[in-house]
Amino acid sequence: MESVEYKCPNCSADLKFNPETQKLDCEYCLSSFTVDEIKKICASAEASIPQEAVQVKEDFVNHTHLYRCKSCGAEIMADDQQTALFCYYCHNPVILAGKMGGEYKPDKVIGFKLTKENAVSCFQKWVGKRWFVPKDFKSQQQLEKLTGLYVPFWVADCSVNADYRAIGKKVRSWTSGNYSYTETKEFRIIRQGNLVTKGIPADGETKIDDLLMEAIEPFDYKEAHDFSMSYLSGFYADKYDVDKAAVFPRIRARSTQACNSLINSTISGYSSVVPSVNQYNIMSTDWSYMMLPVWFMSYRYKDNIYEFAINGQTGKLAGTPPLAKGKLALFCGAIGLAVMAVCTLIGGALL
């Protein structure tokens, strides 16, 4: 007798039947579906993989190497033409660790638009406004560490079932003669239906701060192309170490927030709105594994690592500069002395 296995339409993990809820639950991304919902989703899924896709994956395996940094553990993807590599996190040499697996082949890639000269100019303008950074943070040696890096991203299109119900109140007050009147009207607000959130990204690299990557969004997916190793020529690329199931909670939170904002934008004209039901269930997720361009720099200062990133497509930048407390103390001391000198002059003039 053959057994039937159902996969989660959001993260591809196995679904298990929950006797208490009579639903199929995913213990990885915490999604939940009725049996009928899963049957419909599975019936509409593609039954086979095109032979061309299999060939492209085999070519990727044959011509891609994985390098590993012994110092910090970073894993770097490169084509079979690159031999001299260094780690862009700790700047130590990396060693060849073997071939890349076919499951790591990206679906899409957005090529770099900013040259290194463009990125350096962006960094110099940004750091020029920071007075209290260490001197070597602006040095030529530090600028040379700015690295063109393709960061692995999971990009998700989510089909969401929305159920929003609330009570909206309209309050009107007026005065007539010696009397004040208040009229309160209550209205049922119902928003139910299927929504789709497209292109929600989540980086698949643990060594790069998630908030830093979110800060340099958005990327323009219209410029995404089918992945080719030729895009990596002259640049670095990370191998993802966070899978779909692990990033799905971030995807779900951002998708839910987008749906909630959309529904709230349709509700206006009320004095107050009190929701009674506010549920967003992601019914299915279409995933793309993309390589997105980032100019990346790391800087070690007093046992702390500071990261700086520039969107390699749009030029949007983000980062947290290190604070040289000695410079700050000298500046505050100089301000204090100046204030004392002014007070002394004023005091002398008043005598």
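Is Thr 197 buried or exposed? Let's start there. Thr 197 comes out as buried, at a relative accessible area of 9%; buried means under 20%, exposed is over 50%, and partly exposed is in between, using a 1.4 Å probe and protein chains only.

Quick housekeeping. What you're looking at is a predicted model, where local features need pLDDT of at least 70 and side-chain atom pairs count only at pLDDT 80 or more, while totals for chains, interfaces and linings use all residues. Residues are numbered from 1 along each chain as its sequence is written, and side-chain values use heavy atoms, with hydrogens and water left out.

Back to Thr 197. You'll find Thr 197 in strand β9; helices (H or I, at least four residues) and strands (E, at least two) are DSSP runs, numbered from the N terminus. Its side chain makes a polar contact of 2.9 Å with the side chain of Ser 255. By polar contact I mean N or O atoms within 3.5 Å; within protein, one must be able to donate a hydrogen and the other to accept it, and sequence-adjacent residues count only if both atoms are side-chain atoms. Skipping neighbours within four places in sequence, Thr 197 also has Cys 158 and Cys 259 among its contacts, contact being heavy atoms within 4.5 Å.

Now the cores. A nonpolar core is a set of buried Ala, Val, Leu, Ile, Met, Phe, Trp, Tyr and Cys residues joined through side-chain atoms within 4.5 Å. The largest has 57 residues, and the ones touching the most other members are Tyr 150, Phe 227, Ile 251, Met 291 and Trp 295. Elements giving two or more residues to this core include α3 (116–128), β9 (179–203) and α6 (244–264). Another core, of 28 residues, lies apart from it, with Tyr 67 and Leu 212 among its members.

Over on helix α6 there's also Arg 250, which is partly exposed at 21%. Arg 250 touches Asp 203, Asp 210 and Glu 214, among others, leaving out residues up to four places away in sequence.

One last thing: most peptide bonds are trans. The bond joining Glu 217 and Pro 218 is cis, with omega about 5°, and Pro 218 is in the loop between α5 (210–215) and β10 (225–226).
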